[in-house]
Amino acid sequence: MLPHLCTPFERPMLVLDLSTFLSLEWELRLGVPPGTIRQAFISGGGDRPWMRYMRGELRPAEFLQEFGQQCSGIANSSVPVESFFSEYTSSQNAVPLPVMMEAIKCIRAEGLKTAVLSNNFYLPSGESFLPLDKKQFDVIIESCREGVCKPDPRIYKVCLERLGVQARESIFLDDLGQNLKAAAQLGMKTVKVEDTNTAIEELETHLGFPLRSSVPYTSSVRPAMEIPKEPLQDYLESILGTHAKGSLVLRQFSHGQSNPTYYVKFGDHHFVLRKKPPGKLLPSAHAVEREFRVLKALAQAGVPVPKVLALCEDPSRAGFPLEITIYLIYFYPDFPPKWDSNIIGTPFYLMEHCAGRIFKDPSLPGLEARQRMEIYTAMNRVLCKIHSVDIQVAGLEDYGKHGNYIQRQVQTWSKQYRATETHSIPAMERLIEWLPSHMPASERLSVVHGDFRLDNLIFHPEKPEVAAVLDWELSTLGNPLSDLAYNCVAYYLPSHFSILKGLRDHDVHQLGIPSAEAYVQLYCDQMDIPPIENWNFYVAFSFFRIAAILQGVYKRSLTGQASSATAESTGKQVELIADLAWDFATKEGFRVFKELPTSTPPARPFSTWADPRQLPKRHYSGVASTPSSQLIVSLDGLPSRVQQLHHKLKRFLDAHIYPAEQLLRNYQVSPERWTPHPLLEELKEKAKAEGLWNLFLPLESDPEMRYGAGLSNMEYAHLCALMGTSLYAPEVFNCSAPDTGNMEVLIRYGTEAQKAHWLKPLLDGKIRSCFAMTEPQVASSDATNIEASIVEEKCSCIFTPLFLTGALDPRCKLCVFMGKTDPTAPRHKQQSMLLVPMDTPGITVIRPLTVFGVDDAPAGHGEITFENVRIPKENLLLGPGRGFEIAQGRLGPGRIHHCMRLVGFAERALALMKERVSSRVAFGKPLAEQGTIRAGVAESRIEIEQARLLVLKAAHLMDTVGNKGAALEIAMIKVVAPNMALRVIDRAIQAFGAAGLSNDQPLALFFAWARALRLADGPDEVHREAITKMELKR
């Protein structure tokens, strides 16, 4: 079979052909001469109305007019073609043929690609007419969208190109000879669809596997997983006796990454066979004998599991001849029959095949919200039932060791990981050291499934009930919370994750699925246990265990032992899963840290001390065991997930942003500049599609990663510096100020209603915002100087300041406003913060302002008055007198975002300088050989690296000892970064000469912004004063 075989279908669901049954029946019913419609379809050449309509050249109304005239000419009477097309496109006529739908499912089950290559048209609604489930196809080619129809060779080539296959690797089905001929001329195999069943038979011959009587979730047995049929058939005949008739059908389930699982049909009997994989195995792994035992015991305890029928292993352990054992299996259920493992080469057991529904996608597409809630409730209920089994009554007291389950599991999976390790994974090294020191203080004991997730459950075909729980390979006695945490990992995985689809980027509330918190609470309520404080530990452990399992699958794939077809790609995801585990370990660290007594400040493992005797030991390792000693200064030391984000950012900047900069700079001085350039919006959509969106939100503020990427401040520092190499990049990735700070304010302090109204559109990049705090009458560097007044009047607030802000962007819909509500209160309790819609009456733009002569369109800066502006009290953030507190919190991670970007400014300026001096000659030699230029390059590199290290150190301390503990480094970098950038940019401008001052390079804008940030991020004088105070107290 060809390795990348695809099967493009012309009409895969074979909706009734326009030219046959439907048109003839309609014509007879309306008295139209038979064959009129058919004749109009095929006559008139390539410019006939039907062909132009299918190429998208005619609108529906234009087509119906021209087609009606053509049909009326053929019939010599008026033909109401609108009636015909209305019937044809109605849902009751767009009915798929079951035999073709089944064939498509069989083809996809074998891992082959399918495509639709359709001559179709647009409906009056603007949608294309293609009545099929598009999810069943890898590629969909529609003539009306492509502007070309079959049999034009171009449309076939487009299809093959998008499938990524050669013509000889494809089979094309169609009912028209001219279309088949064109495909054959390109080298495609062809099947003519005159009779559906005949076409299916011919396609089966080409493919080499059946396309009818499919068994859901199965495919042909993969070559490496084949088992001998003849001994197995003899074995089944011995069990079933005279009841066994017919041939043996054997297929492999896609489930079972470890123990191969097969569907067995023999006569009228349907079984599932589960066996150990071939080859040398790790000790105690793949124990099908244990699965058989626990399934049998749990069935008797009322847990929904498949009924086990026979266990086949070493005959010496049974001690009974074949005939006696067959008798015992049916008449003595407590007796575990055992057979010679030489039947298929490895031990196995048989169980009944349970028909029902398996949901592989946790978002449950195709179900209603109510049904989704019922499915998740049923899953939760059956997990509680498993954990409630009385192990003594069930005879499972010796099914596993008692006590220290998590500790033993960590040891086991650490050993398993070491035994299958193929390369060093930093996150796994950290976890192997971290987990043993954070064990739960106490554990309950119950039966644990070990792999409890949605797609290991078979649900009743119609009811929201669990019919059977599958895959008990990892079951034992242990801590039931490990099952619950593993059951919830889907909440934290993205939907595009290839191994286990996740829910992280879905709105579970809208889907009707309980949130992770609600699901856990439901379990606690049903089990009558208190809330789980160290939940993040259990999730970290679950991801660690998954990573260890996948590493084993990957290692076996290298030797051909893995049972899953996706085993090789599965193993390659180990680093991603390990990084997720470490994310949750970090969250657990934050939880423990926040619960520590706050009477004494936390230790500062990284600092620059004046007394050399107080110097801490230096750590130069890129990866350390705990977050407090992990200062990563190079990309190589970052977790693989962050490295991938950095690489994607770099590619995006190179491909899309740098090439567009000159266009955007020119636009900023054009008359249209106050309207956002459409290219920026296009780039935002591309960035969002690539997962480069809302990267700024720190793990501390968003521990469940509901809104952002879950990066630490230090990890984001590396990405933010890269974004800083272009003035336009932060907005493209939705990481630009002041939106970032305002979004974090809403996440930290906003009510659910405020989040729904403002946070979601900000996170989606649909609107922008501004922050109002600077007033012209006072020194706004001291936030307590604010004079803007906020007065409560019944149910509204009134405030009348005059101040400067950046709020002229037409997309700016929200102002976060800080003003005084109680001038008589203590100095830092006088201020409050409000959410002010920018379209509120009373807001007036007095004049736009420039920065170094630049108006910064379309965002802009303006002098704005807020006069008698009334807003509801619900717009108050956190409460009256909490404004200064919010302002300090707003300056959390946002404290150093500008500093991170300034490092990027400087890097880009130095890169441009090096390029310039290498291509210019003055006084007889290249500028790059001039002494002053060379000294400037050296000074720039020195200063950039010094600033970068201080930025990373400040970010690291924010992650480990908090923003207050990092106050000194934050103050220092706010002085260092803008001054460093100014010097580096100034050298680059000098090297460019006049060109450096022009709009043809980003240098002038870089310089203007760097200078502005010496004020916007707090005046140098204020930061130096703060540094001095802290230094003198040491």
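The largest cavity in this predicted model holds about 50 Å³ of space. In total, three cavities of 30 Å³ or more were counted. The lining of the largest cavity consists of Tyr405, Val448, Gly450, Ser482, Asp483, Tyr486, Phe541, Ser542 and Arg545. Two or more of these lining residues come from each of two elements, helix H17 (480–487) and helix H20 (535–559). Sorted by class, four residues of the lining are nonpolar, three are polar and two are charged.

A helix pair was also examined. Two packed helices are described by the angle between their axes and by the distance between those axes. For helix H34 (residues 967–992) and helix H35 (residues 1003–1016), the packing angle is about 155° and the axes lie 9 Å apart. Because angles over 145 degrees count as roughly antiparallel, H34 is roughly antiparallel to H35. The crossing of these two helices, H34 and H35, is left-handed.

On the H34 side, the contact is made by Pro978, Asn979, Ala981, Leu982, Ile985, Asp986, Ala988, Ile989 and Phe992. These residues meet Leu1003, Phe1006, Phe1007, Ala1010, Arg1011 and Arg1014 of H35. By class, the contact between H34 and H35 comprises eleven nonpolar residues, one polar residue and three charged residues.

Notes
Residues numbered from 1 in each chain as written. Predicted model: local features only at pLDDT ≥ 70, side-chain atom pairs only at ≥ 80, totals over all residues. Heavy atoms only, no water. 1 Å grid on protein atoms, 1.4 Å probe; cavity = no way out; pocket = protein on both sides within 12 Å on 5 of 7 lines; lining within 4 Å. Points joined across faces, edges and corners; volume = space filled by probe spheres on them. Helix = DSSP H or I, 4+ residues; strand = E, 2+ residues; numbered from the N terminus. Nonpolar A, V, L, I, M, F, W, Y, C, P; charged D, E, K, R; others polar. Axes fitted to C-alpha atoms, helices over the stretch in contact; angles between N-to-C directions. Parallel < 35°, antiparallel > 145°, perpendicular 65-115°, else oblique. Left-handed = near helix turned anticlockwise from the far one by under 90°. Contact = heavy atoms within 4.5 Å.
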